[in-house]
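Please read it alongside the sequence and the coordinates.

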Amino acid sequence: MATATRRTRPRRLSIWAFYIAPLILLLLVSYFIPLLGVFSWSVTEPELGVSQYLRVMTDPGIHSILLRTLRICALTAVFSVFLAYLLAWHWVYGPPLRRKIIAFAVLVPFWISVLIRAFGWLALLRPQGIINSTLTDVGLISDPLPLVRNELGVIIGMVHFMTPFAVFPLVSVMRQVDLRILQAASGLGARAFRRFFEIFLPLTLPGIIGAFFIVFVFALGFFITPAILGGGRVVMIAEYIYTQMSQTANWGLGAALATTLLGFVLLMTWIVSRFVDFERLAK
Amino acid sequence: MTAKDSDLVTPPAGPEGTVQIEVKDITKRFGEFTALERVNLQIRRGEFLTLLGPSGSGKSTFLNILAGFDFATEGQLVMGGKDLTFTPPEDRNFGMVFQGYALFPHLTVEQNIAFPLRVRKIRADEQKRRVAEVVRRVGLEDHARKYPRQLSGGQQQRVALARALIFSPALLLLDEPFSALDKNLREQLQFEVKRIHREFGSTFVFVTHDQSEALSMSDRVAIFDGGRVQQIGTPEQVYDAPGTEFVAKFLGQLNLFPVTGQQHGPAGVSGLFEGNLLRAAGGKPGFSKIGIRPEHATLYDAEPPQAQNRVAVALRGTAYHGASVLVDLVTTGDQRADVVLQMNAAEWAARFAQTTAPLWIGWPPEKSLILA
């Protein structure tokens, strides 16, 4: 034992020095120190104290932005997870060709810039866009439908962006389902409807919670998509923070909002981690 | 309360031993590959039938067709005059115990066992009563509220059996339930499955690749190979009178002697091996080999009595197995056939370990196996 420890100690040290330490250093320099800076602004700008946090808590304008952000993110997460569940199902259990098509369709969006995607949706959804002009030409509608420059447009764009991210944890959880358990259920007399709602859905619930959480948290920071597809009318918290910081130079308020948002995300991570084993979602 | 006066056990409709399921010419093809070819057999009410065969023999395909997880390409399954061939599993009313048990991990023991009753929309108080009774009968009272992952392998098997038997299924299918377990636990669970079979009185169809498991547990054994049923019969029948060389070798070790000059007489058959006359009771047209199980032959250090079949052998080695010894021998004539013999370890040590005398093996003709 003694020789083993002596022999492994230098190796452990080198693993530390070469592999782990740089990561910690990177996290410190690129995240922790800037975050400390942001936090210090929130309690020092324009003067020392918690006045900015008091404003976050009392300003009805900020409240309505926060509420809208939570609403849009929750709706985005619901729709994305629903779509992703269907995609993941066919990805895992579909015939080979369908699997390939879905894998391709899920991966391709990662290569297309978020800006291009947002403008693509704008082209489709705007009053003179393809959808409205087609519907008008066919005679189904006389006035264009308000599909964009509102919350609907923002949610459409965000669901499109987020669905692939929700697919991965769901695929991972579905792959871990033992199909014999479903066979057992059918052997015991359960039909497809009951097999799904009483067996498959509960077994994949950790993936659903995980995917919902990933989409929701990711969506909280959305900035470009709401700015383009909301047409300036659907301001979400990230855009508002940006405005405070870079246009009105109200650094203290922006920093206080950012810190509040970060605290909220950490709290949610802690709550979700009590129900879901994150490592299972990454297998 | 015994099984007989409990309402959990619906005695199978019709007297025990009569045909419950008729399997007619079941064939299964996967593209070019024929997994099952014209399987014909009858499953009798209340019996413990084992489907035995090596992997790839078609036994699991056949079980899947019985259960309804897969459908036959040709042929028919008939139960009580009703065609079952394309009935989906949920409508067959068969219980099933899977390899690894396939318990519902998100449900407690009680909820697992109650699942088939819930599916059948049994009243809640009735469900509760029946679950409590089954839980007691399989000895899981202290674990009813636990989840499957909190149970030992043996306890999980009891949950799987209870869940599969609580709705009084017409048939219980067991798909290699022991194959993932260690030897001691396996033996213990074999006894338990037998006990539950006796107590519940249902028909059990059990799949395994383990011949000792098949011989020790079954009322009848069906031996599968190459997608066909090679032989079906009681354990004694298939072990002592195997129909083919494959069956004989799959069920246990066997010494085989190719013979010439075959004779058929009223007392049995005979043939010559290395100049020795080997006799066997019974008859079989076109036989070419006479065999003997290692435990039925005796080792001699002098020529055996006339009444025995006799072959001169030389010693090659031994393998010690505690109570018994496996003796590795070879015939001394021109055929140089391998012979394995099983004998008492103490007798080996006392009589043969040091001997330099010429050795013989001998066995009574009625113990001979006649093979094509």
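The model is a predicted one.

**Helix 8 of chain A**
- Helix 8 of chain A spans residues 179-187, and its buried residues are Ile181(A), Leu182(A), Ala184(A), Ala185(A), Ser186(A) and Gly187(A).
- These buried residues pack against helix 9 (192-220) of chain A, and also against strand 6, helix 2 (109-119) and helix 4 (153-165) of chain B.
- At the start of the helix, a side-chain oxygen of Asp178(A) comes to within 3.0 Å of the backbone nitrogen of Arg180(A).

**The sheet of chain B**
- In chain B, 6 strands make an open sheet with mixed pairing, in the order 6-7-8-3-9-10.
- Strand 6 (94-97) and strand 10 (228-233) of chain B each have a single partner strand, so they stand at the edges and one side of each lacks a neighbour in the sheet.
- On average, neighbouring strands of this sheet are turned by 20° against each other, direction ignored.
- Strand 6 of chain B is also among the elements that the buried residues of helix 8 of chain A pack against.
- Helix 1 (residues 59-67) of chain B lies across strand 3, strand 6, strand 7 (171-175), strand 8 (203-208) and strand 9 of chain B, and runs at about 150° to strand 8 of chain B.

**Strand 3 of chain B**
- Strand 3 (residues 48-52) of chain B pairs with strand 9 (residues 220-225) of chain B in the parallel sense, over 4 bridges.
- Within this pairing, Leu51(B) has Ala222(B) in strand 9 of chain B as its bridge partner.
- Strand 3 and strand 8 of chain B also run parallel, joined by 5 bridges.
- Here Thr50(B) stands opposite Phe206(B) of strand 8.
- Strand 3 of chain B is mostly covered, with 5 of its 5 residues buried.
- In a regular strand, side chains alternate between the two faces of the sheet.
- In strand 3 of chain B, Phe48(B), Thr50(B) and Leu52(B) point one way, while Leu49(B) and Leu51(B) point the other way.

Terms used:
Residues are numbered from 1 along each chain as its sequence is written. Chains are lettered from A and ligands numbered from 1 in the order in which they are written. This is a predicted model: local features need pLDDT of at least 70, side-chain atom pairs count only at pLDDT 80 or more; totals for chains, interfaces and linings use all residues. Side-chain values use heavy atoms; hydrogens and water are left out. Two strands pair if DSSP finds at least two bridges between them. Helices (H or I, at least four residues) and strands (E, at least two) are DSSP runs, numbered from the N terminus. Axes are lines fitted to C-alpha atoms, for helices over the stretch in contact, and angles run from 0 to 180 degrees between N-to-C directions. Contact means heavy atoms within 4.5 Å. Buried means under 20% relative accessible area, exposed over 50%, partly exposed in between (1.4 Å probe, protein chains only). A polar contact is a pair of N or O atoms within 3.5 Å; within protein, one must be able to donate a hydrogen and the other to accept it, and residues adjacent in sequence count only if both atoms are side-chain atoms.
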